[in-house]
Amino acid sequence: MELVIKDARITGREGLTDIGLEGGEIASIQPGLKGEKEISAEGNLVSPSFYEIHIHLDAILTEGDPRPNQSGSLWEGISIWAERVKRLTPEDIRARVLKALRWFVAHGVTHIRSHVDICDPSLVAMKTLVEIKKEAAGLIDLQLVAFPQLGIFSFDGGEELLQRALEMGADVVGGIPHYEHTREYGVQDVKFALDLAHRTGLLADIHCDETDDDQSRFLETMAAETIRLKLGGRVAASHTTAMHSYNNAYADKIISLVKKSGMHVISNPPDNSVLQGRFDHYPIRRGLTRVKELLAAGVNVAAGHDSVMDPWYPMGAGDPLHTAFILLHYGMMSGRQDRQHLFPMLTSRPAAIWGNPHGLEAGNPADLIVWPVPTEDDALRTIPPRRYVIKRGRIVAETKPEKSLVLGETVKFLR
Ligand code: FE2
């Protein structure tokens, strides 16, 4: 074996084991393996690496520039970003994205799906991110979504820009029906994006119903079109926060339809926990989609951060554990059974949206995290630095955590 991780604890498996890696894949999982190079998990958790399945890299680390989002609303965020887009340069994008990618890698992220705003006639962000994607390959895999932030039909030239972005190298078709000027444009937005995915063979990931308006119902159009065009498995609906506010009879119908369509759903707890409910007086709605109900219906649901320090969300450090921690609280997923969904929502479930095999099984890619704590619950509680991050069998990040931070071992009690 090229690399062996000794004394690893794997969720759902009794006792400790070794994990042998060879040729970029997991070659064997059993005790007593010998490797050319060996590292020890010291009895701690080894998990699959994280997929950051929904982020906006073009806007990352721009918080406060040109001005802070005072209301904290999605709409103020979009208008601030529309100003910032005009000052984008390759150098500006490159400096911010490369800084953030290091943070993601250090936190165990090996794959990132980034939406990239294409409502800019220069398409400078897409062009620069296509270059960065090539340069970063091997360290972190990028998947780029052609994302029409200001609408396909409500922004002058939106249709053409979306198609040009795909020709430039975008991997996924995006959309934003709830932001279009009219409901009719919104339906057109979904149909245009999914038809494009159908014709090009690409995946689709649409920002859908990211609003508290219980009349925003583009998810049903997405599901119906996915069924009609036989796109099941290739389409993801991001955010779908309006589902929080649907009446229960309609929510039940739409969840069944989403399941039938084979669509994936991506929830974005950090951003939507602060962006939603901004027009409410008490009681204030939570504004996440119905994660538990979708999972119970058998829908593949993953969780993405959405933003790190940008006009929509001023916090974050490129750590998917923050996403899971917030989801546990806002999605009321603190029950033991519900908690077991949280790691898969950052690992195997987003990998399925991407179309990749992922998980601790022989033959799968050797994309792993070695933790300094024994369980997923401990990782979530303490959010510790990752001990090792392994991408395709190669150690790409290593952190020696302070024991006092993780276990309190250096704290001396007073008598
Ligand atoms: Fe988003």
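1. Along the chain, the donors of the iron ion follow the spacing H-x1-H-x150-H-x31-H-x66-D. They are His-54 (NE2), His-56 (NE2), His-207 (NE2), His-239 (NE2) and Asp-306 (OD), which coordinate the ion at 2.2 to 2.8 Å. Donors here are N, O and S atoms within 2.8 Å of the metal (3.2 Å for Na, K and Ca), and water is not among the atoms, so sites may look incomplete. His-54 lies in strand 6 (residues 50–55) and His-239 in strand 11 (residues 235–239), so the pair ties together parts that are 185 residues apart in sequence. Helices (H or I, at least four residues) and strands (E, at least two) are DSSP runs numbered from the N terminus. Both His-54 and His-239 are buried, where buried means under 20% relative accessible area, exposed over 50%, and partly exposed in between (1.4 Å probe, protein chains only).

2. A word on the basis of these values. This is a predicted model, in which local features need pLDDT of at least 70 and side-chain atom pairs count only at pLDDT 80 or more, while totals for chains, interfaces and linings use all residues. Residues are numbered from 1 along each chain as its sequence is written, and side-chain values use heavy atoms, with hydrogens and water left out.

3. The largest pocket holds about 570 Å³ of space. Of the 26 residues that line this pocket, the closest to its centre are Thr-11, Gly-12, Gln-340, Thr-375 and Glu-376. Strand 5 (46–48), helix 11 (336–339) and helix 13 (376–382) are the elements that give two or more residues to the lining.

4. On a 1 Å grid over the protein atoms alone, a cavity is a set of points where a 1.4 Å probe fits but cannot get out, whereas a pocket is an open set with protein on both sides within 12 Å along at least five of seven lines, and lining residues have an atom within 4 Å of a point. Grid points are joined across faces, edges and corners, and a volume is the space filled by probe spheres set on the points. The structure holds 1 cavity of 30 Å³ or more, and about 120 Å³ of space lies in the largest cavity. Of the 17 residues that line the largest cavity, the closest to its centre are Leu-74, Gln-149, His-207, Glu-210 and Trp-312; His-207 is also one of the donors of the iron ion. Helix 1 and helix 8 (269–275) each supply at least two residues of this lining, and the largest share, 3 residues, comes from helix 1. The lining of the largest cavity divides into 8 nonpolar, 6 polar and 3 charged residues.

5. The structure holds 9 aromatic pairs, counted where rings of Phe, Tyr and Trp (its six-membered ring) have centres within 6.5 Å, with planes under 30 degrees apart taken as stacked, over 60 as edge-to-face and the rest as tilted. The rings of Tyr-51 and Trp-354 have their centres 5.4 Å apart and their planes at 90°, so the pair is edge-to-face. This pair links distant parts of the chain, with Tyr-51 in strand 6 and Trp-354 in helix 12 (residues 348–354), 303 residues apart, and both Tyr-51 and Trp-354 are buried. Trp-81 and Trp-312 form a tilted pair, at 6.2 Å centre to centre and 55° between the planes. Trp-81 lies in helix 1 (residues 74–85) and Trp-312 in the loop between strand 13 (301–303) and helix 10 (320–330), so the pair ties together parts that are 231 residues apart in sequence. Trp-81 and Trp-312 are both buried. Ring pairs also link Phe-50, Phe-343 and Trp-371 into a cluster.

6. How many disulfides does the count come to? A disulfide is taken as a pair of cysteine sulfur atoms within 2.5 Å, and by this rule the count comes to 0. Cys-119 is in no disulfide, and the nearest cysteine sulfur, that of Cys-208, is 17 Å away. Cys-119 counts as buried at 5% relative accessibility, and Cys-208 counts as buried at 0%.

Key. Ala, Val, Leu, Ile, Met, Phe, Trp, Tyr, Cys and Pro count as nonpolar, Asp, Glu, Lys and Arg as charged, and the others, Gly among them, as polar.
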